[in-house]
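These are my notes on the model, as numbered points. Please read them against the coordinates.

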Amino acid sequence: MQLHARGHFGINQQGSNHISNYQRLPFQLLANSLSGHQLYLRRTAAPLSVCSRSASPMASSSLGTIPSSALKESYSIWAMPRGKLGDQLRGEIAHLAQRHGGPSFPPHVTVLGDIERPREEAQALMKELAAEVKKYRINFVDVTRGTFFYQCVFLLVAKDEGTMAAAAAARSVYGMTTPPYMPHLSLLYADLDDAEKAKVVEYVTARLYGESSGYDTLLVETGYEVGSLALWYTPTGDETTKSWCLVEEYPLS
């Protein structure tokens, strides 16, 4: 499920960084229409698409058997890990999705979800939020389980000052009241019973933190710095995540 930059941009098998004019053209066209942050995500995240500039995202969704009428326009604000950690967590999510038959999705900590506003309004408020929130750090606590599909198994995140301040600011700017904020980074979306969830937690903990974990799965970073927030189109009702796409990313102050 991953898009590795090496194969995606046609870098040859000998490791040369030379890209032919034929190979470069599609990337140049893409570069003309996307921001630097969007290009980074386009290269590294999977599954991932950048939303159409259309004002009607519902019209362009490709959802297979899910009728667009069954979805409700909704957005989420994400704090996403970058670099090696982002790649590792993306790989772990894809691995668990394949193992348990769930969807794959980019790694993220949701700052605020279920934003049911028109896209232009959601974007305008994001600019206001980004100007208010300062850069902060997300710290992992441990692997645990939740009670519903989108919180099946996840990395619990510490309720540090910066993390909680960002969440509070988002709720204030968007005028939303939500249950108490529990920051987390989901690793698996699935409907499993408690016994199966417990097995997955044990399995993932061994892979990420166990002494016998392999080099490719050992989680050596305890968290990550958040320098920007991303607005994602995440329509209510699409548990496949196929319609999810990046709207825009906003650097923090």
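1. Of the 253 residues in the chain, 45% are buried (buried is under 20% relative accessible area, exposed over 50%, partly exposed in between, with a 1.4 Å probe and protein chains only). The model is predicted: local features need pLDDT of at least 70 and side-chain atom pairs count only at pLDDT 80 or more, while totals for chains, interfaces and linings use all residues. Residues are numbered from 1 along each chain as its sequence is written, and side-chain values use heavy atoms, with hydrogens and water left out.

2. The chain holds seven helices and eight strands; these are DSSP runs numbered from the N terminus, helices being H or I with at least four residues and strands E with at least two. Among contacts with a separation of 6 or more, 75% join residues 24 or more positions apart, where contact means heavy atoms within 4.5 Å.

3. The largest nonpolar core contains 61 residues. A nonpolar core is a set of buried Ala, Val, Leu, Ile, Met, Phe, Trp, Tyr and Cys residues joined through side-chain atoms within 4.5 Å. Ile-77, Leu-129, Tyr-136, Phe-140, Tyr-174 and Leu-229 have the most contacts inside this core. Helix H6 gives the most to it, with six residues.

4. What does Leu-229 touch, leaving aside its neighbours within four places in sequence? Its contacts include Ile-77, Trp-78, Ala-79 and Val-111. Also among them are Met-126, Leu-129 and Tyr-136, as well as Glu-248, Glu-249, Tyr-250 and Leu-252.

5. Helix H5 (residues 119-132) packs on helix H6 (residues 161-174) at an angle of about 140 degrees, and their axes are 10 Å apart. Axes are lines fitted to C-alpha atoms, for helices over the stretch in contact, and angles run from 0 to 180 degrees between N-to-C directions. H5 and H6 are therefore oblique to each other (under 35 degrees is roughly parallel, over 145 roughly antiparallel, 65 to 115 roughly perpendicular, and the rest oblique). H5 passes H6 in a right-handed crossing; a crossing is right-handed if the near helix is turned clockwise from the far one by less than a right angle, and left-handed if anticlockwise.

6. On the H5 side, the contact with H6 is made by Ala-122, Leu-125, Met-126, Glu-128, Leu-129 and Glu-132; on the H6 side, by Ala-169, Ala-170, Val-173 and Tyr-174. By class, this contact of H5 with H6 has eight nonpolar, no polar and two charged residues. Here Ala, Val, Leu, Ile, Met, Phe, Trp, Tyr, Cys and Pro count as nonpolar, Asp, Glu, Lys and Arg as charged, and the others, Gly among them, as polar.

7. Helix H4 (residues 83-100) and helix H7 (residues 194-209) pack at about 145 degrees with axes 12 Å apart, and their crossing is right-handed. H4 contributes Glu-92, His-95, Leu-96, Arg-99 and His-100, and H7 contributes Val-200, Tyr-203, Val-204, Arg-207 and Leu-208. The residues of this contact of H4 with H7 divide into five nonpolar, two polar and three charged.

8. Two backbone angles could be checked. Asp-114, in strand E2 (residues 109-115), has a positive phi of about 55 degrees although it is not a glycine; Asp-114 is exposed, at 54% relative accessibility. Thr-241 is not a glycine either and has a positive phi of about 70 degrees. Thr-241 sits in the loop between strand E7 (228-233) and strand E8 (245-251) and is buried, with a relative accessible area of 7%.

9. Asp-193 lies in the loop between strand E5 (184-188) and H7 and counts as partly exposed at 47% relative accessibility. Asp-193 and Cys-152 are 41 residues apart in sequence and 9.4 Å apart in space, C-alpha to C-alpha.
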